[in-house]
Structures are given as C-alpha cells and as structure tokens.
Amino acid sequence: MLISCPICKNREKKILIWNKPIRSGKNIWTKKLHKIFWCTKCDLRFAQNFNYNLQDNKLFRKLYDGSNTVKKYKSFNKKREKFKLDKIKKILNFKNKIILESNCGAATNLDFLKREAKLTVGLDSDIYKDYVLKKHSFFNSIKKIRKEKLKFDIILSLAEIEHQTDVLKFIRDLKEILKKKGYLVFRIPNYNNVYLNLLGNKFLKYDFRTSHNYYFSEKSCDFLFQKMGLNTIYKNGLQEYSINHLIEFLKKGKRVKKYPEIIDKKVSNDISNNIEHNMISTSLIYILQKKRI
Ligand SMILES: [Zn+2]
C-alpha cells in the first residue's frame with residue numbers, strides 16, 4: 001500500500017529514511033523497528049504509524065519527562081520556556097492582549113504574561129487544571145473554547161505541533177479561535193539542524209521518538225502554512241543548547257547532559273545567533289496571521 005504524505009498528499013515522492021528502533025522515553029528505545037519517511041515534494045519527515053496515545057500530556061510527560069506533576073513541569077520547563085518566550089516578546093507585544101497558550105502545562109509562560117495581558121487562558125490536560133485556574137482561565141479542549149465563543153489576539157503553541165496526528169485539523173481549529181488580525185505563534189523542532197548535519201545517524205538515534213509523528217524543516221513549514229492560508233509575519237531559528245553542548249556531543253558521539261565550558265558565553269551566543277539566522281537551529285519560531293480573503 002502506498003502511504004500518502006499527510007500534508008501535501010503526494011504518494012510517489014517518498015523515501016524511507018529510517019527503519020530501526022526509535023526512542024520511546026527518557027532513555028529507552030523501542031524493540032520494534034519504526035519506519036520514517038521523507039516526502040521530497042514538501043520536505044516533511046513523518047512516521048509510518050502515528051502514535052495516538054501520546055497526545056495526552058498525562059501520558060506523554062510521564063514517559064518523557066519522568067513525571068507529569070506541576071512540580072516536575074516547572075523544574076523541567078520553566079527556564080526553557082522563559083528562553084523561548086523572551087525571544088517572542090522581542091517581536092510581539094502582549095500588552096492588553098487576549099492570549100491562549102495551547103499545551104500550557106503548568107502555565108509558566110502565562111504566569112510571565114499575566115501582568116501585561118488582558119486575559120490569559122491555558123489549554124491542556126485536566127491534570128494541570130486546578131493549578132492553572134489559580135491565575136488563569138483554563139480549558140481542556142478547543143471545542144469548549146469554541147462553545148464560549150472566545151477569540152484570541154495571540155495563540156502560543158510552543159511544543160506540540162510535532163505531536164499532532166491530524167496537523168491540518170489542528171491548525172484549522174487554532175485558526176478558528178484566532179481573531180482576524182491575531183497572531184499564531186509556533187515553536188517547531190527543526191529536523192534540518194546543525195546537530196543532524198554534523199552527526200547524522202548518531203543524532204537521529206536520539207531525535208526520532210515515539211511522541212513525534214512529524215519532523216518539520218523550514219521548507220516543510222513554509223509549505224504547510226502556505227497551504228493552510230497563513231501568512232508568515234516572522235520566522236527565525238531558535239537554538240536551545242549552548243555551543244558547548246554541541247562540542248561535547250560531537251566529541252562523545254552521543255547525547256550528553258553535562259559539558260565543559262570550552263567557549264565562553266558571549267562567543268557561544270554569537271555562534272547561536274548565526275545558527276538561528278541560517279535556520280539550522282534545533283527549533284524554529286514562526287509567527288503567522290490569517291490571510292485576508
Ligand atoms: Zn509532502
């Protein structure tokens with residue numbers, strides 16, 4: 001049977017790039033072989049078999065972060081999220097805006113935005129409900145947001161598009177609750193990053209994982225957003241690890257947790273900026289608006 005590309009629907013221009021075990025948790029791999037394809041028409045990489053369970057953060061975070069509690073979310077994500085948010089805040093003004101964060105977890109980003117925003121709303125699994133509700137509004141589904149007829153000036157989706165099963169529906173749903181002149185912000189892991197280019201399969205061994213159904217590149221993102229009727233207002237790379245992490249990974253040939261500071265912070269930041277500018281960073285940031293019809 002010919003599988004078609006989930007985004008451009010092409011059936012022919014597809015190459016098998018992986019048929020080995022993939023990562024299935026923090027430091028474990030599947031016993032079974034997993035096939036990953038590359039659609040050469042739109043440049044998307046995608047899993048042959050989508051994982052439908054891991055869209056539930058209750059399961060996903062337990063498996064990949066080790067725990068799904070508020071405490072764990074904060075210790076694991078607070079610094080990482082602040083880094084992403086600070087970059088976005090340089091481009092978008094959140095003052096007096098109605099903001100939704102989809103996949104908000106324990107709402108660390110919404111906490112940072114609370115003071116300047118008009119309204120902060122979180123969307124995630126019910127496991128975070130009580131905690132998020134202390135400071136923000138909360139929903140556990142887009143369907144319920146639609147029912148309330150809430151529309152947003154800014155929607156943040158910073159760690160989830162790659163986990164989706166039906167990415168076209170996911171974007172359509174977000175567009176529906178976005179105001180006419182609102183902004184949709186995605187942070188997307190970048191398949192074509194500097195690690196892959198330097199390390200090849202030694203990197204992919206860690207990168208391909210059961211929780212990701214899609215692996216995007218700049219080209220595949222551009223194709224997807226164009227197809228979905230979205231204008232790209234801004235795009236840039238987001239390099240989430242220091243150059244010293246990359247050096248240690250190169251030296252050891254495997255993913256590392258600790259690494260010495262061979263290059264000082266200033267120089268490392270300059271290099272990261274170049275990596276981001278060239279869109280070969282570990283993630284990409286896209287800020288989009290609905291096309292005017
Ligand atoms: Zn395609």
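**Exercise 1.** Across which strands does helix 9 (residues 218–227) lie, and at about what angle does the helix run to strand 11?

Solution. In this predicted model, begin with the strands that helix 9 covers, which are strand 8, strand 10 and strand 11. Then take the direction of the helix, which runs at about 15° to strand 11.

**Exercise 2.** Work out the order of the strands in the open sheet of 7 strands, and identify its edges.

Solution. Reading across the sheet gives the order 6-5-4-7-8-11-10, and the pairing is mixed. The edges are strand 6 (137–139) and strand 10 (230–238), each of which pairs on one side only. Neighbouring strands of this sheet are turned against each other by 20° on average, with direction ignored.

**Exercise 3.** Determine which residues of the largest nonpolar core touch the most other members, and follow the contacts of Ile154.

Solution. The core holds 70 residues, of which Leu44, Ile99, Ile154, Ile155, Leu184 and Val185 touch the most other members. Strand 8 supplies the largest share of this core, with 6 residues. Setting aside neighbours within four places in sequence, Ile154 is in contact with Leu92, Phe94, Lys97, Ile99, Gly182, Tyr183 and Val185.

Conventions: Residues numbered from 1 in each chain as written. Predicted model: local features only at pLDDT ≥ 70, side-chain atom pairs only at ≥ 80, totals over all residues. Pairing = 2+ DSSP bridges. Helix = DSSP H or I, 4+ residues; strand = E, 2+ residues; numbered from the N terminus. Axes fitted to C-alpha atoms, helices over the stretch in contact; angles between N-to-C directions. Contact = placed C-beta atoms within 7 Å. Core = buried A, V, L, I, M, F, W, Y, C linked by C-beta atoms within 7 Å. Buried ≥ 20, exposed ≤ 12 C-beta atoms within 10 Å, placed from the backbone.
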